[in-house]
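Work through the exercises below with the coordinates open. Each task is followed by a solution in steps.

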Amino acid sequence: MTDLKKLPTDKLYIDGAWRESTNGTRHPVLNPATEVEICQVVQGTSEDVNAAVTAARKAFKDWRHSRAAKRQALMHAIADGMEARKQDLIEAISQALGCPAHITEWLHVDGPIYAMRYYADRAKYMEETEQAAHSVVLREPVGVCGFITPWNYPLHQFVGKVAPALAAGCTMIQKPSEMTPLQDYVMAEIIDAAGLPAGVFNLVPGAGPVVGAALSSHPDIDMVSFTGSTRAGIEVAKAAAPTVKRVTQELGGKSPLIITPDADLEQAVRWGCEDVFINSGQTCTALTRMLVPAERYEEAVAIAKEVAEGIAMGTGKDAFMGPLSSARQREIVRSYIDKGVAEGARLVTGGSEVPTEFPQGFYVKPTVFADVRNDMTIAREEIFGPVTCLIPYSDLDEAIAIANDTEYGLSSGVWAKDADSAMPVVRRIEAGLCFVNGGEFNYDAPFGGYKRSGNGREFGEAGLDEFIELKSVQLPA
């Protein structure tokens, strides 16, 4: 396993080589469980972005015309490298994010390896044509792409952008979050070793208002893909608008879980709580509003309390939930918990106090609120922490109305007697994703949101479509 301190975090990866930034500023990467610095990462500049875009634009001239079989082979080589350095990827994410390593493996790493191979095998779609009466429809890559990825699922979102872009024949500049950039350095080393042509992939870490803004507004970038908060996504879209580039966004959520009257309440509530507490609640699809039949409400509250109080915290082999990603995120979550109490919600368990067993690290207790109204702040805004809100409903019509009463539409869930019983409810929920009776995330299916949760889709064949331009060739009739 590679010592994370030996990663070339003092460099940028541009045009197939590690190089110095035009700026010597560095950003510390902390382990949120220990509050100890892991390393420092160089912060790129707009000049560095210009250099990366120049390299990507130059590489695009040949890469766009490369054979699909060549791109497929290179992407499988990247996936092989990810397998070989799996432990490095696990440690890079676990140490900077705080997710226990044994959970990081299946939650953060296994899926992205699968997705890299999934898109490798779909590069061939770019060479297929479609007949439309007397026309032929061709698929071509959109061009040079700028990627801005988040801190909470950093490898997941890296692969969700980079893999379909490579399959389509695009070139790219990747900007990771300042808090969790280490897996991107491991990936850059893997990509370099796989033999990807110089300039196809470039890595420029840095601050969002600097590197992110430069990517979003750059006239020679054809597409920008952003994952993060709705607030930041709006700024990306504004910056991109003058150049009329393609913009895809995976943004915030405040997702509902409807538990129907005929559901197995114990199973549903337990799964719903664990869905919120995994990754310390820092999941954009977390089902943080649990809607429960009024006649079984107190029973559900008791189950949620038991689940929350049984969650093992820490980063060891038996831990389920680690710390929050940063001191700032911890304070944000604590403030929401205090606001929930101030607005009249019943604090069932948890709270904003420092867990006595974890005086060090950015920990917050698994927290359950009852007697929550859907107009309360904790039911309206994305907390991004281990906080779940239980809301009672009188009938399914009211449950669906509450579920849809949000500016977001990223995710949702239904737990019913069985999947067939759930489907009529699923069809009435305004969200791009719905988990039925504990169904798992599927990399073969499209992922994205309605309303203010974003535009476009990642993963599945729809994720490849985002990187494709269609050309209609009108032949003589």
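## Exercise 1: Salt bridges

Task: state how many salt bridges a search of the whole structure finds, then describe the pair formed by lysine 86 and glutamate 105.

Solution. 
1. Searching the whole structure, which is a predicted model, gives 27 salt bridges.
2. In the pair of lysine 86 and glutamate 105, the closest N and O atoms are 3.0 Å apart.
3. This pair links distant parts of the chain: lysine 86 belongs to helix H3 (residues 86-97) and glutamate 105 to helix H4 (residues 101-120), 19 residues apart.
4. Lysine 86 has 18% relative accessibility and buried means under 20%, so lysine 86 counts as buried.
5. Glutamate 105, with a relative accessible area of 32%, is partly exposed.

## Exercise 2: Two further pairs

Task: classify the accessibility of aspartate 375 and arginine 373, and find the network that includes Asp10.

Solution. 
1. Aspartate 375 and arginine 373 meet through their side chains in a salt bridge of 3.0 Å, N to O.
2. Exposed means over 50%, so aspartate 375, at 55% relative accessibility, counts as exposed.
3. Arginine 373, at 46%, counts as partly exposed.
4. Salt bridges with shared partners join Asp10, Lys11 and Glu20 into one network.
5. Within that network, lysine 11 pairs with aspartate 10, with the closest N and O atoms 3.1 Å apart.
6. Aspartate 10 is partly exposed at 25% relative accessibility.

## Exercise 3: Helix H9

Task: compare the reach of H9 with the expected value, then examine what caps the N-terminal end and what comes just after the helix.

Solution. 
1. H9 covers residues 265-277, which is 13 residues.
2. From first C-alpha to last, H9 reaches 18 Å, close to the 18 Å expected at 1.5 Å a residue.
3. Buried residues of H9 include Leu265, Ala268, Trp271, Asp275 and Phe277.
4. Just after H9, asparagine 279 has a positive phi of about 60 degrees.

## Exercise 4: Cavities

Task: count the cavities of 30 Å³ or more and describe the lining of the largest cavity.

Solution. 
1. The count is 4 cavities of 30 Å³ or more.
2. The volume of the largest cavity is about 70 Å³.
3. Among the residues lining the largest cavity are Lys254, Thr283, Cys284, Glu382 and Phe384.
4. Its lining divides into 4 nonpolar, 5 polar and 2 charged residues.

Definitions and conventions. Residues are numbered from 1 along each chain as its sequence is written. This is a predicted model: local features need pLDDT of at least 70, side-chain atom pairs count only at pLDDT 80 or more; totals for chains, interfaces and linings use all residues. Side-chain values use heavy atoms; hydrogens and water are left out. On a 1 Å grid over the protein atoms alone, a cavity is a set of points where a 1.4 Å probe fits but cannot get out, and a pocket is an open set with protein on both sides within 12 Å along at least five of seven lines; lining residues have an atom within 4 Å of a point. Grid points are joined across faces, edges and corners, and a volume is the space filled by probe spheres set on the points. Ala, Val, Leu, Ile, Met, Phe, Trp, Tyr, Cys and Pro count as nonpolar, Asp, Glu, Lys and Arg as charged, and the others, Gly among them, as polar. Helices (H or I, at least four residues) and strands (E, at least two) are DSSP runs, numbered from the N terminus. The expected span of a helix is 1.5 Å times one less than its number of residues. Buried means under 20% relative accessible area, exposed over 50%, partly exposed in between (1.4 Å probe, protein chains only). A polar contact is a pair of N or O atoms within 3.5 Å; within protein, one must be able to donate a hydrogen and the other to accept it, and residues adjacent in sequence count only if both atoms are side-chain atoms. A salt bridge is a side-chain nitrogen of Lys or Arg within 4 Å of a carboxyl oxygen of Asp or Glu.
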